[in-house]
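Me: Before we look at the two chains together, I would like to go through this model by question and answer.

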Amino acid sequence: MYKWLKWGRVAVSLAITILITLAFLFFSNRDNLFFSKLLTIQFVPALLGVFTGSAVVLASLFILVLLFGRVYCSTICPLGTMQDTVWRITSLFRSKKSKRFTYSTPSKFLRYSFLVLSGIPLLFGSSFVISLLDPYSNYGKISSEILSRSEQFIHNVLSSIFPDTIFFRSYSQFIALSFFFALAFLILVILMSAFRGRLYCNTVCPVGTTLGLFSRFSAFSPVIDKESCNKCRLCISNCKSECIDIEKAEIDASRCVACFNCMTVCKKSAVKYKYMWGKGGQKTEKPVSGRREALLTMGLMGSFIAARAVTKKYLSSPKETENGIAPPGAISVSNLKNNCTTCQACVSACPNGIIKPATGEYGINGLLMPVLSFEKHFCGYDCNVCTQVCPNGALIPLSLEDKKLTQIGQVRFYEEKCIVVTDNTACGACDEHCPTKAITMVPYGDAGLTIPVVDRNICIGCGGCEYVCPAIEKAMLIEPRAVHQIAQKPKEDKQEKIVVDEFGF
Amino acid sequence: MERRNFLKSALLGGIAGAVQLKPENLFASESKEAQKPNDLVAVMGGEPVAMYKRGIAAMGGITKFVKKGNRVVVKPNIGWDKKPEYAANTNPELVAAIVKDCLSAGASEVVVFDHTCDEWQACYKNSGIEAAARAAGAKVAFAHDEKYYKEVSLPKGLRLKSAKIHESIVDCDVWINVPVLKNHGGAKMTMSMKNFMGIVWDRRFWHANDLQQCIADCSTYSKMPVLNIIDAYRVMTQNGPKGKTTDDVVLAKALFMSTDIVAVDTAALRFFNQFKEMRIEDVSHIQKAERAKVGTTNLDAIKVERIKI
């Protein structure tokens, strides 16, 4: 029976990890939002998005953990599945002896330090620390920076073999900081999991620690039947959480990720997945350890949600100044810094490839958060993809109509740098690209030339003009709106109907 | 009496309709037998495909331009992520009709592409051109990366001495230029010559180095289109070349075709001038190209046929 549970878990976890990964790959993500929508089942996104539509998901995750233990960590979390996969693969190259896990005492100090370290900034409106530690978001960064780039490489190899049917995917931006962070994180997690199984999950991961506090009270828990156990230690050597203490015949439920390995391997059927509620006795026999930590965490969570509910109203103070243009749906740079965990779902999804991880545009606490760059392209007028894929509510979903009026920045025209002025020749590239006609061309001089004029109230900051401006020093630059505004509607230009019956020549 | 009149006029009308009895046609058909073929054909009043069929017949049929086994490129304007009714791109029905015609003339392949301004996949899709061209039997080529372009020298160019031109143009036997008639904030008008901006990689250079001269320079390319067909079925008369709403568009129902790129742009400009005032001097690439002996702006000096449907 436990075999079924275990292999069921393996199948579900692989399926979820594949689906999550597909949300970051081009071929699967280009024409639909299906995979991106699945990202909302992740814990930290659900927590951050609790007021933007994820309350049900968050409640479901808690219920799941309260019923079955940390199954989130062994089935839903893609980083967890990745670590299990690493252990499996590296086991192939190991001697039998070093394949075995042993029991280790919990590193409580480290666990709770990481939790407090990432939790407290959240209370004060910064998701920066948690963005560095959240397992899903880091898996996102790995997918976006490493898997997606590998996919691009394969795509382009195929495109050189089938040039007529497979197009070349232009290499665009490469943000070294983001790439090397993802690479370093990947190497770290590979090393940790290759040697110590779920070490990351049980010492560093703030999600693991949080869920661990709930899993000790879960309805179903693994327990060792002292009578039938012959202390063969088979369960211990298969416990990737290193949480089975055979001397005391105890399993540390706060670290157990409910992988069902111990139950599957036990030849005496001494490890059981038991229903614990309502059976009183067993649990209260000895004081439950970690009560203080539990209170602390719940206090953190409670005050986090309360702080959220309060600040939601005035998230955007109009005084902010920033150097980066936040993607549509961000509401404001401070809202972004409050909610973004830098999973790069938006970076991967942008069809124009203009969203890049920030390297300082938003300051230190905005590192790797999405910022627009108009160097290689501009924001598509008829596109709202980024606003649809964010699982955190850092970018809230915008309808196409709303997005077309969302002013993420405003153009500034430097006439003295304009080609029409410097060279006295025609250009109009900016006007050509302007979707709202915030830029129009008016007569300039007597030679039939035209020069741009801008109406900043209509401008939505899409960056078409900045991108295309051919002047060496750009004459059109988008200034960020730290708090996004609603632009005025483009002017209606009705024209009288002229009936033409002749060719005119 | 009334009945007799009615019958008479009905009969006459029927005959006139059957033989297309119109003054221009009478003269045209007289001279057609005796003299050289048309240099420029203007068609008005029909649907895109019908106008194309009448126009190409008056030009002597597609077989005059496309030979059996030819590799053909049909180059529409697919610059923008806009649906056909916005008239920011060439009419997809027209593109499909030309593709079919080329294939029926025995073309070994017909390639359709454009170097778009908006994101290329959105442009190809929403313009309706990718689907229409594919359905008609064309191959739709990629043009969104520099690797699809080849360096070509333009010895007669004044400012533009060389350009990276799309490989399908460089490698084809013949190509047909199919722009859409639009107003343009910078270049004033966009027609056949301006449509060359979609066969090159680096457009920014043009904008930075005398746009009007660069447009004319590119038209000195040794491999010119065998035919230029300007789609003026829907015409964007303001806010071009991208346009905002369908308010920018008039249903003009016209089509112009010629082997002479300067002449066809001149004709289309004069037609456009009836909707919005537009002086040929202001669209200075036309006269610059004429000075480079690319073609003529003097429509009286060439043989023009005007067809009303």
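Reply: In helix H1 of chain A, the buried residues (20 or more other C-beta atoms within 10 Å of the residue's own, with C-beta atoms placed from the backbone, whereas exposed means 12 or fewer and partly exposed lies in between) are A:Arg9, A:Ser13, A:Thr17, A:Ile20 and A:Thr21. They lie on the same side of H1(A), because they cover an arc of only 95° around the axis, the arc being that of the directions from the helix axis to the C-beta atoms. This is a predicted model, in which local features need pLDDT of at least 70 and side-chain atom pairs count only at pLDDT 80 or more, while totals for chains, interfaces and linings use all residues. Residues are numbered from 1 along each chain as its sequence is written, and chains are lettered from A and ligands numbered from 1 in the order in which they are written.

Me: Which exposed residues does the face of H1(A) turned away from its buried side carry?

Reply: Helices here are DSSP runs of H or I with at least four residues, and strands are runs of E with at least two, numbered from the N terminus. The buried side of H1(A) is covered by elements that include helix H6 (71–76), helix H7 (78–91) and helix H10 (135–161) of chain A. The face turned away from that side carries A:Lys3, A:Trp4, A:Trp7, A:Gly8, A:Ala11 and A:Ala15.

Me: How many residues of chain B are in contact with chain A?

Reply: Two residues are in contact if their C-beta atoms, placed from the backbone, lie within 7 Å. On the chain A side, 35 residues take part, and the number from chain B is 42.

Me: What distance separates the centres of domain 1 and domain 2 of chain A?

Reply: The bounds, from an automatic or database domain assignment, are 2–311 for domain 1 and 407–492 for domain 2 of chain A. Taken over C-alpha atoms, their centres are separated by 49 Å.
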